[in-house]
Amino acid sequence: SHKDDELRAHAEYLLGNLAQEYADLSKNEASKKLMYQDALARFSKIPLDYPDAEFAPKAQFKKALIYEKMGELDIAVEEYVKLAYKYPDHELIPMVMSRLGAYFQKQGLAYKTQAEELEKKENDTHAAGEAIRLREAAVKEYLNAAQVFAKLQKRFSDDKLAGLAGLRSAQNFMRAGHFATAVKGFQKVVDAEQYDGKTIRAQAIFWSGLSQE
């Protein structure tokens, strides 16, 4: 009943968070779905009714995250893109870009797995043709992922996700068969001493060697 929009938006956000937490803990799929839908309704309301409130971009992020939890990945991607479009300078944008990159990478790996299954079918020209199509689709998704991660690394070079984004960008260029580009990407990670000491830079050295090979 409060008249202050910022407080009303905050209240909706907290109620949405509560519904999401109950959904995450629920063992009953029907109840889980209902509570996720309640959370979605509250998070959806905030950017529409209170677009200038502090919690509007956070609610938009939560909305996308819930769709992701519900397995509605295509819708989740659309919602993440809306967040990046509406609030391009928000602190959540690196996380949004990371999740988008992960989505494209996952799609590529799924196409690759499907192609491998079809390639096991000997003397089946239709399966062989479909496997080629899926391989090409996988490469496209890997390149999408690589480009998103590369943009994250370049645009938010001081963010804690920058080093991992650089590594994942180069890995996806490698998966796509763009080995020279991958090596350059890995080297960029190796040369940046601020990137997580041993862990990320060591991985970059290993995968760079594999790409060189």
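A: Asn-123 lies in the loop between α5 (93-119) and α6; helices here are DSSP runs of H or I with at least four residues, strands are runs of E with at least two, and both are numbered from the N terminus. The model is a predicted one, in which local features need pLDDT of at least 70 and side-chain atom pairs count only at pLDDT 80 or more, whereas totals for chains, interfaces and linings use all residues. Residues are numbered from 1 along each chain as its sequence is written, and side-chain values use heavy atoms, with hydrogens and water left out.

The phi angle of Asn-123 is near 60°, a positive value in a residue other than glycine. Asn-123 counts as exposed because its relative accessibility is 80%; exposed means over 50%, buried under 20% and partly exposed in between, with a 1.4 Å probe and protein chains only.

Asp-124 caps the N-terminal end of α6, where one of its side-chain oxygens lies 3.2 Å from the backbone nitrogen of His-126. Helix α6 itself covers residues 125-155, and its 31 residues should span 45 Å at 1.5 Å a residue; the expected span is 1.5 Å times one less than the number of residues. The end C-alpha atoms of α6 are 45 Å apart, which agrees.

Of its 213 residues, 44% count as buried.

Notes: A polar contact is a pair of N or O atoms within 3.5 Å; within protein, one must be able to donate a hydrogen and the other to accept it, and residues adjacent in sequence count only if both atoms are side-chain atoms.
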